[in-house]
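Hi,

Here's the structure I said I'd pass on.

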Amino acid sequence: MCGIAGIIYRNGNGAHRIGHDMTSMLQSMKHRGPDSTGYALYKAPTQELLVRVKLSDSTAQRDLDFADDVARRRREVQALFVAAGAHVKDTEDINEYTFGATLEYHGELKRLADHIESVPQVEVLSLGHSLEIVKDLGDARTVAAAYGLDDYFGSHGIGHVRMATESDVDIANAHPYWAYPFSDVAVVHNGQLTNYHQWRRRLEASGHRFASACDSEIIAVYLADRMAAGDSLEAAMRRSLDDLDGVFTYICVSEDALGVAKDELAAKPLVLYEGDDMVALASEEMAIRAVIDHEIETYDPYESTVMVWTR
Amino acid sequence: MDTVNQSAPTRQQEEPQFDPRGLVELNARVPHVSEIDGDRARFDAHALTTRQINLELRSLLYEQGVREVTVRHPGARHSLGAGILTRCRITFEGSLGYFALGMIDGPEVQIAGRVGWSACENMMSGVVVIDSNAGSLTGAAIRGGDLVVKGQVGARTGIDQKGGTIIVMGDAGSMTGFMMQRGRQILCGNVGPGLGDSMYDGTIYVAGTVKSLGIDCVPGEWTDADTELIERKFSIYGLGTPPSFDKFVCGKKLYNYDSLEPSERKLVL
């Protein structure tokens, strides 16, 4: 089933409690997917590059070598930052298998990301000037507490509660997906894509990498591919309605915009609230009510809808 | 504010217990939180769980002789008011979630807000008036009664409809009236693609534009009975002067029924 949610404040500043809001929205939709919860959160853009790296999955066996392996991979990744030409300004221990770094880097993002992922079992969760992706097993409260998201301030964000149907329950298969190697673009999806294997073969042949076996990852990679070819986010989303088969509602975010797309059958739900100061959308109205306490008018967008809002 | 899995302690109420995944409520009992005045009652649903709200409604209507209930702060929760099988009046002061008022037989309901997917699924009789918008699958498989949506509806309104009347004042999405078998739909706004796809019978009236007709849905011939029906429904629900409508019915080109089972057919041949 899965549940998706998004929120964007439209006054342009990054001083909203976006982590807390997303947690309220996602927790209220826990019944749609208790397997894992993920967030893509955007704070005020920085000059530096923010990278979040997963060194092992939370489902990995905790044998005697676990801590040593993770520490070794982290040393290798940090050495590769330097080898790729980045200057490490700061690092942050997020938990035992995830860490964040602030880099000064002006080269090609794909080169940097490829360098990092050359270490086995290491995955770049997100890369950009304002995007941070957090995903782990459990409901929204569990993940928010483990990653300290209650005090995360920003301008917009999306989230996902997952009921796994197509692939394993672990972090690699959890949403949101970063549009590797596109700076600051992430996607959450509710639905199933039936031409996944065709698109995966096509996109792999043109040099894209896949970190999971989850059909939803196609959307992120597809959008990255279209944008690399020169499409705007909105144009790429519109084209996806023709190119992707199956049933889907997906939300896609970039550094300054949030967009949603629905398939031509309108088979997956979406409730939308468009206010003057903010836009909130989710699989269920309950999630929107979890962050707005006054009476509001909401509606379900129709089939083949693509809408984009900027902050 | 979080509306799920929480419950402020109320009179005679124990903390709700859930299964290990936190999804199924195990120990719900009637919370008895209503203010009752003769055969009228009202209660605030804000601090109650979904099961507690439904148990309170049932207790009032079935055991305490109440005929008119007002529910405040329903909080867009799912499955509220499902399976109420008695004549009564219910008012929800706020929006409801999915599967609202499913399988009801008899109630007159007003919702001062909107509803999610599958409102009034399999309604047998009664009246439901929704003041705002409705999600997809509104009035799925209804068999009787009137369902009035004053805003717009999502996709597949009245899928598998087997009777009753669905009135929508705003627009309707794709595949409206899909596989409809009987009953009426009065759609005052524009309608998406695939209207009346594979319908067996019944009538759909559309005042706005139709993006496309579904398979075997064709324009129908207007009669005085159509005018009379629409005027009567508009007057009952105070919807003003009806606009002019186009009528759509089943073309019956897909009527290729074979009464024999495949095994029997072999014997005949």
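A:S36 stands opposite A:R162 in strand 8 of chain A; strands here are DSSP runs of E, at least two residues, and helices are runs of H or I, at least four, both numbered from the N terminus. That pair sits where strand 2 (36–42) and strand 8 (156–162) of chain A run antiparallel, joined by seven bridges. I call two strands paired if DSSP finds at least two bridges between them.

Before I go on: this is a predicted model, with local features needing pLDDT of at least 70, side-chain atom pairs counted only at pLDDT 80 or more, and totals for chains, interfaces and linings using all residues. Residues are numbered from 1 along each chain as its sequence is written, while chains are lettered from A and ligands numbered from 1 in the order in which they are written.

Both strands belong to an open, antiparallel sheet of six in chain A, ordered 7-2-8-1-14-13. Strand 7 (131–137) and strand 13 (271–274) each have a single partner strand, so one side of each lacks a neighbour in the sheet.

Chain A also has an open sheet of five strands, 9-10-11-12-15, again with antiparallel pairing. Its edges are strand 9 (177–178) and strand 15 (306–310). Two bridges tie strand 9 to strand 10 (186–193), and A:W178 stands opposite A:A186 there.

On to the chain A–chain B contact (C-beta atoms, placed from the backbone, within 7 Å): 22 residues come from chain A and 25 from chain B. Helix 1 (18–28) and helix 8 (285–289) of chain A each supply at least two residues of chain A's side.

Cheers

How values were computed: Contact = placed C-beta atoms within 7 Å.
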